[in-house]
Amino acid sequence: MARIKNIELPKDKALYIGLTAIYGIGQSTAKKICKAAGIDPEMKVRDLDLDQESKIRSEVDKYVVEGELRREVQMNIKMKMEIGSYQGSRHKKGLPVHGQSTRSNARTRKGKGKVVANKKKVGK
């Protein structure tokens with residue numbers, strides 16, 4: 001069982017896909033890690049031996065991932081909110097930050113639709 005940064009990697013997946021279970025590692029970074037460790041990225045996670053696992057662990061330690069990265073992102077958001085930037089104000093209001101339309105979309109950020117009274121269509 002490969003356990004890196006307190007994350008259990010999925011056993012039946014290729015190594016570079018399994019590494020993406022770690023927050024902060026995408027497919028391209030996972031391939032870089034495999035190349036630096038000298039391990040085939042297409043190898044299944046269950047086929048790793050202890051030596052290979054320790055090489056990958058040492059390569060992953062060179063990146064900011066999991067708790068450190070989450071903390072860093074939250075601190076950046078908090079700092080934007082404190083200085084009163086546009087992005088910080090959007091975070092405070094719970095609206096999309098990167099200029100997306102909010103008239104009909106943005107349900108992910110805004111939450112479930114609110115019912116507005118007296119919005120019936122007028123018909124004859």
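Glutamine 52 touches Ile39, Met43 and Asp47, leaving aside residues up to four places away in sequence; contact here means heavy atoms within 4.5 Å. The model is a predicted one, in which local features need pLDDT of at least 70 and side-chain atom pairs count only at pLDDT 80 or more, while totals for chains, interfaces and linings use all residues. Residues are numbered from 1 along each chain as its sequence is written, and side-chain values use heavy atoms, without hydrogens and water.

Glutamine 52 lies in helix H3, helices being DSSP runs (H or I, at least four residues) numbered from the N terminus. With a relative accessible area of 19%, glutamine 52 is buried (under 20% relative accessible area, with a 1.4 Å probe and protein chains only).

Helix H3 (residues 50-60) packs against helix H2 (residues 27-37) at an angle of about 125°, the axes being 9 Å apart. Axes are lines fitted to C-alpha atoms over the stretch in contact, and angles run from 0 to 180 degrees between N-to-C directions. In this packing, Ile33, Ala36 and Ala37 of H2 meet Lys55, Ile56, Glu59 and Val60 of H3. By class, the contact of H2 with H3 has five nonpolar, no polar and two charged residues (Ala, Val, Leu, Ile, Met, Phe, Trp, Tyr, Cys and Pro count as nonpolar, Asp, Glu, Lys and Arg as charged, and the others, Gly among them, as polar).

A further pair is formed by helix H4 (residues 66-83) and helix H5 (residues 86-93), which pack at about 105° with axes 7 Å apart. H4 and H5 are therefore roughly perpendicular to each other (65 to 115 degrees). Ile77, Lys80 and Met81 in H4 meet Gln87, Gly88, His91 and Lys92 in H5. The residues of this contact divide into two nonpolar, three polar and two charged.

Note on methods. Helix = DSSP H or I, 4+ residues; strand = E, 2+ residues; numbered from the N terminus. Parallel < 35°, antiparallel > 145°, perpendicular 65-115°, else oblique. Buried < 20%, exposed > 50% of the residue type's maximum accessible area, 1.4 Å probe, protein only.
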